[in-house]
Structure formats: C-alpha cells, structure tokens
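User: I'd like to learn how to read a structure like this one, feature by feature. Can you walk me through it?
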Amino acid sequence: MMDKTYFIQTYGCQMNVHESEKIAGILQSRGYSACESVDDADVIVLNTCCVRETAETKVYGHLGRIKSKKKHGATLAVCGCMTQQKGVAESLVKRCPFVDIVIGTFNQYMIGEYIDKFLHTGVRVTEIWESPNDCDKHENIARDSGVNAWVNIMYGCNNFCTYCIVPYVRGRERSRSIDDILRDVDNLVASGYKQITLLGQNVNSYSYKGKNFIDLLKLLDSDKKYRLRFMTSHPKDFSVELAEEIARSRVLAHNLHLPVQAGNNRVLELMNRRYTREQYLQKIDAIRSLVPDIGLSSDVMVGFPTETEEEFCDTLDLVKRVKYNNLFMFIYSRRSGTPADKMPQLDYKTKQQRIDKLIKAQFEISKELASNMTGSVVEALVSEKTGDKCFGKASNDSAITFVSADAKPGDFVKVKITNSRNANLTGEVYNG
Ligand code: SAH
Ligand code: SF4
Ligand code: F3S
C-alpha cells in the first residue's frame, strides 16, 4: 500500500512556522509522509493566522481552492490562531462543510487523535479549548528550516497592546522549563544546527523558577560554534543589561528586532505600549554604543485609530532617525474584540497614503545601509547553495550572495562585501 501523505499550509509568524513543524512531527510518527501538492495529500492542514484581516482573507481564499482540488476522501483540518477567536470555529463549520476538523491553538497537539476520531466515525470534529493544558510535549519535531532550528522558550502574551489579537488567541504567558530549553539547544547544536532562534511573543518576560531571560542567555553562551537569535523583544522590557549580554556573548547574533509600532507618544499610549518615543530612542542609543555593528529591525503600524498626519510624521521621523536595516510595515487592521476596534477609525485612503510614504522612506534607508556595508568583512552563515552560488546571512541579519565552490550550507564563511543592489549584498570569500 502507498504511504499516507500530508500537506501543511502555514500562515503567520515564526511561531506558527515552528508549530507546523510540530504538527508534521505528529503526522510522521503516525505513518504519514510529506507530499508536495495539496491535490495528492490524504491529510491537509491549514495552520492559520489572524493578526490582520488580510491573513484571514488568504485562509478563506485558500479554503475555496482546496475544496475543488483535494482528492476524494482526503481529511481537511484547520487550526491555529484564526480558529481560536471567539465564534470563528462555529462560522467556519457552517460556511465550509468540506472542512472536517476545526481546532484551536491550545489543543492542536492533539491533531493525531482528532484525525483518528474523524476517520473512525466520519463525524466532523470541532474542538476549541478555552485555555492551554500543557501542550509542551513534542518528542518528534519534523524540522524544516535548514541550518536554523526554532526553540520555543515561552508561549502567550500578557501585554494586551490595544490593536492586537495575539493575547486572546495564544493565552497568558507561560515559560518553558530552563532544563528543557538547554537540553533542546544542546541536542540541536550537537546534531549540526548552526543557528538557534529562541521564540516567544515577548522573550524579555521569560521567567522560570527565579531565572530570567538574561540568565537563560548566559547559560546558552558557549564555545561551540553556533549563532543564537531571539524574537521578539518588547521595547518596554529591553534593558541595558540585555544590550551588554549581546555585546559579551560568544554566540548571540548582532541583531535586534525591537518593534516600535509608532513614533508618537499619544499614539503609543493609546496602543498601550508603555514606553515613550524618548525612552525607545535611548534604548537604541544604548545598544548602538555597546554593539556598534548591531543590525536593527522593527515593526511599524500606520493608520492606528485617530492618528493625525502630524503624528504619522513623528513615526516617519523616528524611522529616518533610527535607520533600521529592515522594517516590517503594516496598515492597522481592525480586530474584533480588541479595544482599538471600538475607537474612531481612519479611512482606507489615508492609511494607504501613509504606508506608501513610509515604504518609500525605508527603501532609501535600506539601500543606504547596504551600500555602507561595502568594503567590510562579515561572517556569513550559508543557508542555501545553487551551483557555486551561496546564499547566507551576516550576524546583523543582512542577506549576502557570494560564489564559492567549497562552501556548503551550515558553513560560516568570511565574506568581503563588494557590491550592493537595493538591500541585497554581494561579496567574495575573504582569505585575510
Ligand atoms: N509579539 C510580537 C509579534 C506580534 S504580531 C511583538 O509584539 O512584536 C507582529 C506585528 O504585527 C506586530 O508587531 C504589529 O506591528 C503587527 N500587528 C499586530 N496587530 C496588528 C493589527 N491589528 N493591524 C496591523 N498590524 C498589526
Ligand atoms: Fe501583540 Fe503586543 Fe503581545 Fe506583541 S506584545 S503579541 S503586539 S499584545
Ligand atoms: Fe503569529 Fe498570527 Fe498567531 S502573528 S501568534 S500566527 S495571530
């Protein structure tokens, strides 16, 4: 008999990407193997996101296409953040009779049992839990991110930024045991992963039996050759101590994602971000003085309810002042059940004009920073190779292409940057 196969479609953030690796692990331990196309799969899983309306529209669009493409008898499951929202599972079950299994974020580790139940009874399964119930038992993770391995250090979020749905669909903060994290990282490095990325909605809040995030980073420092990254760090909790640890550590990458969201104090307060523009800029100064070659990235939102043109200009000004290597820019999207959804909204055209201005400004900045890097020598971690063409990332997260017959994925290679085109760097192997 042919192997049973699965196809997983993932939407959203790194957290979801990693969770799909866990789901793949569960399916593989039950005898399923991955297949390339949704048309051939016996089990199809959509791991969804709902952070913006566009994310949900994509899921519904994809569901429509799968309906006509999936083979007869295939099982279709929808899980993730979208289905964990109040009322969404019920409406999905009604709207999409071809969806067999609907589960939320807190019980998706049970997906194997739910598939069995559906296959035995033929009765659709809808099960959404109100809160997590220790979902941290993952022995077989089917990792699929090349030289990088994701490691959760915590789940959930307590911050309740007023625009954000995440705390409602991921629950309150809970930290994993420090021993489990250390064991995971040790095993991954021993088995050849060259980059570990620690995951949490707000890694600075990590807390386990009196140990905090900086204690964890100190324990992860090592003379073994690997690169350590983490995301996401909340500016209100980002401390000089953490900047010092980035400077001191042998393994931490010189890169920091510090999402500012807005550059105006009234807007920041309405967002419940709990820092001011001035405090944020001070933290940027602190990290830049301790780690001069730090690569910075951020998330910024335009068109938050009641944001004036002047207030938007403060955001634009902050972006031009900080000069991020990489910026993720979003139009504010209403999320049902969040406080910002009840505030007076801006029209679409205003929001669109603002994001256009921001994108234009950032394009110039990324270009400038990339061109400033020409002539410098960096250490690239090779992640892909086609022919002799290698692709990798520097410690500051800049993407670099270079030619080498010898280098292979997983190698750290010294590269001299020779050229830049927009934000893309090219270089050559440096033998100095
Ligand atoms: N915990 C992380 C990730 C949150 S989601 C953090 O706090 O940084 C990733 C980004 O999506 C956020 O930083 C924010 O910029 C954006 N985002 C969240 N809710 C949004 C909304 N309602 N509309 C538009 N963008 C949103
Ligand atoms: Fe959302 Fe704010 Fe939590 Fe990030 S810190 S997940 S933006 S509530
Ligand atoms: Fe991530 Fe989207 Fe959920 S950003 S936490 S998958 S809502």
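User: Let's start with the ligands. Which residues are around ligand 3?

Analyst: One thing first: this is a predicted model. To read a ligand site, list the residues around the ligand and then sort them by class. Around ligand 3 you'll find Cys13, Asn16, Cys49, Cys50, Val51, Cys81, Val166, Arg170 and Gln201. Sorted by class, that shell has six nonpolar, two polar and one charged residues.

User: And which residues surround ligand 2?

Analyst: The shell of ligand 2 is made of Cys157, Asn159, Phe160, Cys161, Tyr163, Cys164, Val166, Pro167, Gln201, His234 and Arg273. By class, there are seven nonpolar, three polar and one charged residues. Val166 and Gln201 are listed for ligand 2 and again for ligand 3.

User: Phe160 is in that list. What is its phi, and where does Phe160 lie?

Analyst: Here's the general idea: most residues other than glycine have a negative phi, and most peptide bonds are trans. Phe160 has a positive phi, near 50°, though it isn't a glycine. You'll find Phe160 in the loop between β8 (154–155) and α6 (166–170).

User: Is Phe160 buried or partly exposed?

Analyst: Partly exposed: its relative accessible area is 28%. For that call, buried means under 20% and exposed means over 50%. Asn422 is another residue to look at, with a positive phi of about 55° although it is not a glycine. Asn422 sits in the loop between β20 (412–421) and β21 (424–429), and with a relative accessibility of 33% it counts as partly exposed.

User: You mentioned peptide bonds too. Which peptide bond is cis here?

Analyst: Look at the bond from Met231 to Thr232: it is cis, with omega near 5°. Thr232 belongs to the loop between β13 and α9 (240–248).

User: Now the sheet. In what order do the strands come?

Analyst: To read a sheet, follow which strand pairs with which. Here three strands form an open sheet, ordered β7-β10-β13, with parallel pairing. β7 and β13 (227–231) each have a single partner strand, so they stand at the edges, with one side of each left without a neighbour in the sheet. On average, neighbouring strands are turned by 25° against each other, ignoring direction.

User: How many bridges join the pairs, and which residues stand opposite each other?

Analyst: Five bridges join β7 to β10 (residues 195–199), and Val151 stands opposite Leu198 in that pair. β10 and β13 also pair over five bridges, in the parallel sense. There, Gln195 is opposite Arg227, while Thr197 has Arg229 as its bridge partner.

User: Which helices pack on this sheet?

Analyst: Helix α1 (residues 14–29) does, touching β7, β10 and β13, and its direction makes about 95° with that of β7. Helix α7 (residues 178–190) packs there as well, touching β7 and β10, at about 170° to the direction of β7.

User: How do I read the two faces of a strand, and which way do the residues of β7 point?

Analyst: In a regular strand the side chains alternate between the two faces of the sheet. In β7, Asn148, Trp150 and Asn152 point one way and Ala149 and Val151 the other, and all are buried. β10 is covered on both faces too: Gln195, Thr197 and Leu199 are on one side, Ile196 and Leu198 on the other, all of them buried.

User: Which residues have the most contacts inside the largest nonpolar core?

Analyst: That core has 67 residues, and those with the most contacts inside it are Ile196, Leu198, Phe213 and Phe230. To read such a residue, look past its close neighbours in sequence. Leaving out those within four places, Phe230 is in contact with Thr197, Leu198, Val203, Phe213, Leu217, Leu242, Ile246, Leu252 and Leu256. There's also a second, separate core of 26 residues, with Val78, Met82, Cys96 and Val99 among them.

Note on methods
Residues numbered from 1 in each chain as written. Chains lettered and ligands numbered in written order. Predicted model: local features only at pLDDT ≥ 70, side-chain atom pairs only at ≥ 80, totals over all residues. Heavy atoms only, no water. Near = heavy atom within 4 Å. Nonpolar A, V, L, I, M, F, W, Y, C, P; charged D, E, K, R; others polar. Buried < 20%, exposed > 50% of the residue type's maximum accessible area, 1.4 Å probe, protein only. Helix = DSSP H or I, 4+ residues; strand = E, 2+ residues; numbered from the N terminus. Pairing = 2+ DSSP bridges. Axes fitted to C-alpha atoms, helices over the stretch in contact; angles between N-to-C directions. Contact = heavy atoms within 4.5 Å. Core = buried A, V, L, I, M, F, W, Y, C linked by side-chain atoms within 4.5 Å.
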